[in-house]
Amino acid sequence: MDIGSFFVILLSTAVTFGLFSILTGVDNPFFAWAENTYVGGAVGMTIVVSFTWIVSNLIQKILSNPYVNWPLIISLILGLMMLLRVHPKYSYLARIPISIATGVGVAVSTRAAIFSGLLYQIRATILPIFDWRKPETAFTNLMIVVFVVTIMTFFVYTTELKGPLKISHRIGRLVLFASFGALFAQTYMGRLGLFLGAMETLLIPETNFRISITVALIMLITIIVLKRYYPETLNKLVP
Amino acid sequence: MSSLIKSREFLLAIIIAVSFFIYFPYFVESPKPIVDIESWLVTTTVVIASFAVMVSLYTMTRREVMRITKRVKGWPYSLLMMILAWFMIVVGVSLGKDATPFRFCADAFVLPGDSTIYAILVFYLTSAAARSFKVRDLESLLLLLGAFFVLMQQAPLGEYLFPYFGPIGSWLVNNLAMAASRVFTISATLGGIVLAIRLLAGKEMAMIGLIARREKD
Amino acid sequence: MSSLFKVFANIDRRVWHLLTFILVGYTLLHPIGLPLKVSPEVKKAYEVIENLKPGDVVLINFDIAAFGWDEIKGSCLSMIPHIFSKEGVKVIFLTVQDQGYIFIERTISQIGKPMPGYDKFPWYEIQGKKYLQDYINIGFIPGFDKAIAALAQDFRGVVGGKDWYGNSIEEWLDKNGIKSAKDIDLIVTFDCAGAQSYFVSYWYVPFKTKILNAMIGVSAPGSIVNYNAGMLEGIVISIRGAAEYQYLSKYYGMALVSMDAFSIIQFMLLIAILIGNIGYYGWERRKEKR
């Protein structure tokens with residue numbers, strides 16, 4: 001293994017366990033270091049990627065053929081106006097690109113969502129519930145229709161709940177609780193999968209395993225010693 | 001001129017105009033100039049978003065420099081954050097995103113931090129579940145049963161011990177949880193449509209920074 | 001007995017944290033090898049890829065950032081080799097996440113090898129398929145939902161004439177008959193931030209393009225809704241779906257190995273809930289009554 005790879009593994013393990021150190025319940029300098037390092041790196045990376053895109057897809061296109069790509073000059077000017085947001089006197093000029101971005105963003109997300117998020121979903125809920133040739137499918141379809149309708153009535157706030165609406169509201173509430181349990185389990189599966197992947201990176205191969213154990217033990221022992229014997233020092237070292 | 005640009009009506013006119021050029025070609029067969037304007041608007045929005053990221057860099061730098069100069073508690077960490085951020089920016093902009101120092105910082109600091117931040121949640125989910133999944137009434141029992149069957153269906157060991165966990169868990173996910181998610185999707189879409197209409201009607205100008213509202217709104 | 005209930009009711013959460021670390025570490029290093037059942041959704045996703053024909057064009061979207069990579073890499077490292085194993089299929093890689101290009105390169109370096117005479121990106125071959133002959137990498141297109149919408153409207157205009165590394169791709173696109181979004185036969189989107197909903201809106205709704213979606217667990221409910229509505233051909237959910245796909249496609253990897261740890265921790269969660277309930281009924285509830 002070359003020295004560069006070794007330092008990448010060492011530092012990435014230190015950042016990982018530094019962030020995990022918050023699980024000890026003690027605010028500690030390793031967590032503060034890891035957190036600030038990560039935030040600084042993330043900001044740097046985002047800026048570089050955005051800047052690279054601006055140069056390669058905007059400025060280079062404009063310079064290669066300004067007569068054909070003249071609309072991009074207006075895009076560039078609007079983008080530069082965005083930077084005026086921080087100027088005390090001319091910050092109002094930034095409202096123009098913000099208005100354009102807001103209008104476009106809302107319109108782009110809404111125009112297709114009308115179909116995929118509303119009409120197609122309603123269409124998918126209109127299911128055959130009286131097909132007795134396939135009783136299992138008919139029962140499942142009936143349950144889906146009942147679940148969707150009752151959950152929707154749970155979110156009705158503008159009218160008094162009485163009669164069938166009250167019963168539907170109650171059933172919807174119970175169905176919602178059961179579905180929250182199922183959704184929690186799916187969320188847990190997702191986060192657990194992430195954690196397993198992170199642990200796999202830390203433990204396999206053997207070099208990573210040794211580095212991980214060493215770094216984890218050093219951090220844990222340091223936190224315990226600081227907490228127990230040098231609490232003032234610990235307090236000074238955390239933000 | 002500046003009073004025109006600052007006026008609510010001017011900004012609302014911009015929003016209505018760009019919205020027209022986005023909605024119209026999507027629903028109606030349009031001539032090429034209108035489709036070109038739509039493409040240009042989408043590209044321009046991406047450009048504006050890229051520049052907006054630079055604004056966040058300025059505000060972050062200003063805030064952290066103030067913390068460092070005033071020697072606020074924890075200022076060395078702010079200094080570390082600034083050094084790393086600006087080092088990556090200088091290296092990335094001058095040498096490119098594939099330069100070794102840039103990739104080193106990304107692989108050593110950013111990528112492991114990103115994955116760990118979300119992986120930590122599994123611990124909080126576990127301890128929160130142990131504390132809050134207490135069966136007090138019918139609702140909490142259903143919450144627990146929903147979670148139980150889906151957890152058992154997800155874990156291969158669960159299906160191995162009792163094969164019916166699989167079909168029950170799948171049924172809960174594909175029907176019960178799916179129905180709830182469908183309602184959330186429909187509700188969110190309706191909310192989005194209402195927001196779009198309110199924006200076009202000039203009722204949501206706070207989104208573009210006009211936070212002072214007239215009483216008759 | 002009441003002291004036991006009191007202990008159960010007041011277990012320090014750090015006990016669960018430590019147990020999680022120990023159990024995961026042990027079972028990852030010493031897997032048991034429990035059997036795995038394949039779900040119908042993953043089987044369908046497998047069949048869609050298995051039925052790809054020569055000449056089909058597949059668009060692979062990496063909506064992947066570091067926070068989801070560990071969960072979704074199992075899907076990438078099994079589905080993508082499976083796609084590349086199909087004869088005559090052409091592949092376009094792209095990403096709508098700013099970190100995505102890193103994971104495209106990581107995936108390619110793990111499943112491929114440098115072409116003869118080359119030693120760096122993009123000149124890698126995957127299962128005999130060479131760069132700029134059988135596949136290209138467009139890289140990062142910013143704008144997320146707006147990028148997906150723009151690609152559907154003006155595919156060649158947004159893609160441009162160059163790939164992520166500055167090589168000309170006009171000839172490759174012309175040779176493979178890729179003029180617009182309608183020429184894409186299959187989209188495989190690996191999601192950390194729900195890009196599938198925009199592919200459904202802008203690609204499935206107008207063009208009825210087939211879409212396969214592998215996603216992190218948090219995005220699963222949205223994908224299941226669209227799958228049940230018939231807008232997605234198949235879904236591979238999180239690490240469990242990845243393990244099933246690895247099992248089906250025989251491109252075995254760590255997702256399959258992780259299933260034992262996965263099971264153990266889920267059981268640990270249930271035991272934690274059970275202990276919490278015992279403590280609640282044995283101690284807290286009686287304390288409330290007292």
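Colleague: Which residues does Phe199(C) touch, not counting residues up to four places away in sequence?
Modeller: Keep in mind that this is a predicted model. Touching here goes by C-beta atoms within 7 Å. On that basis, the partners of Phe199(C) are Ile148(C), Ile187(C), Thr189(C), Tyr204(C) and Ile211(C).

Colleague: And which residues touch the most other members of the largest nonpolar core?
Modeller: That core has 217 residues. Phe199(C) turns up again here, and so does its partner Ile148(C).

Colleague: Where does the core lie relative to the domains of chain C, and why?
Modeller: Domain 1 covers 2-30 + 271-289, while domain 2 covers 40-257. Both give residues to the core, so it lies between domain 1 and domain 2.

Colleague: What share of chain C counts as buried?
Modeller: Buried means 20 or more other C-beta atoms within 10 Å of a residue's own. Chain C has 290 residues, with 13 helices and 9 strands among its elements. The buried share is 56%.

Colleague: How do the residues on the side of chain A that touches chain B divide?
Modeller: Start with the contact itself: 98 residues of chain A meet 97 of chain B. Helix 6 of chain A is one of the elements giving two or more residues to that side, as is helix 2 (29-64). By type, the chain A side divides into 67 nonpolar, 26 polar and 5 charged.

Definitions and conventions
Residues numbered from 1 in each chain as written. Chains lettered and ligands numbered in written order. Predicted model: local features only at pLDDT ≥ 70, side-chain atom pairs only at ≥ 80, totals over all residues. Core = buried A, V, L, I, M, F, W, Y, C linked by C-beta atoms within 7 Å. Buried ≥ 20, exposed ≤ 12 C-beta atoms within 10 Å, placed from the backbone. Domains from an automatic or database assignment. Contact = placed C-beta atoms within 7 Å. Helix = DSSP H or I, 4+ residues; strand = E, 2+ residues; numbered from the N terminus. Nonpolar A, V, L, I, M, F, W, Y, C, P; charged D, E, K, R; others polar.
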